[in-house]
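Q: Could you walk me through how to read a few features in a model like this one?

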Amino acid sequence: MTDRPLTLMAVHAHPDDEATGTGGVLARYAAEGIRTVLVTCTDGACGDGPGGAKPGEEGHDPAAVAAMRRQELEASCEILKVSHLEMLDYGDSGMMGWAANDAPGSFWKTPVDEAAARLAELMRQYRPDVVVTYDENGFYGHPDHIQANRITTRALELAGTAPKVYWTTAPRTMMARFGEVLRELGADWEEPDPEASEMPEIGLPDEEITTWVDATAFGGQKFDALAAHASQGENIFFLKMGKEKFTDLMGVETFLRVHDTTGAPLPETDLFAGLR
Ligand SMILES: [Zn+2]
């Protein structure tokens, strides 16, 4: 054992992704005395402005949106008891195909090696035992999420890899339940049709998921963290579920283990299995 606390590092694209994707594990591991480090890569300036104004619309001032989202992120970190928040502050690249993809300073346009060198520096500083980010499709094809995967993969090579590395994912059975809940709430949600859509299929068949972490006891914290990001339309949607339904649906967080030096048997129920 080392003299340094066990450390979880989560690398996310935008302010609010920490809550949706990993709010449960951040809260749970903080409660277990594990040091939690959140790296947020972009400023979120392409998010919704006051009153839901979209980029380019009246009332959407990207600098003001970034400032607001930073405050929301800090509030979320407080709720999730994140030990250290590190912001790389790249420009939000917007959705695939937006002009913001190629704007100066956008995360998507930043060379992978350049951003990875900064992340590797943070990895050398914190020496995480477990690193979590998105899969190669950025879970749902958002350029900043794809870029977060790329720079994390490269930074792990540069810094000397962490013992365990995970990609966030969702079981297909959960995606189906999610669709039901959205329809109940009155959203015009259609089951994504992978044949018809250019989007990569979201999530994995249940049997391919390596790691199921039960964070239902921390569902309230996860919900409150997401509520701290209430300026963003898609979050308001989650919040409409109410705490109970939200926890029921989102309380267990699932991951694909992509690197491991511990030999912990799969499937596992703890990101730190084999480390303590
Ligand atoms: Zn995001």
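A: Gladly! Helices (H or I, at least four residues) and strands (E, at least two) are DSSP runs, numbered from the N terminus. Here, His-12 lies in strand β1 (residues 7-12). This is a predicted model: local features need pLDDT of at least 70, side-chain atom pairs count only at pLDDT 80 or more, and totals for chains, interfaces and linings use all residues. Residues are numbered from 1 along each chain as its sequence is written, and side-chain values use heavy atoms, leaving out hydrogens and water.

Q: Is His-12 buried or exposed?

A: Buried means under 20% relative accessible area, exposed over 50%, and partly exposed in between (1.4 Å probe, protein chains only). With a relative accessible area of 1%, His-12 is buried. Contact means heavy atoms within 4.5 Å; leaving aside neighbours within four places in sequence, the contacts of His-12 include Asp-17, Glu-18 and Tyr-134.

Q: Which residues are the protein donors of the zinc ion?

A: Donors are N, O and S atoms within 2.8 Å of the metal (3.2 Å for Na, K and Ca); water is not among the atoms, so sites may look incomplete. For the zinc ion they are His-14 (ND1), Asp-17 (OD), Asp-17 (OD) and His-145 (NE2), 2.1 to 2.5 Å away. The donor residues follow the spacing H-x2-D-x127-H. Both His-14 and Asp-17 are buried.
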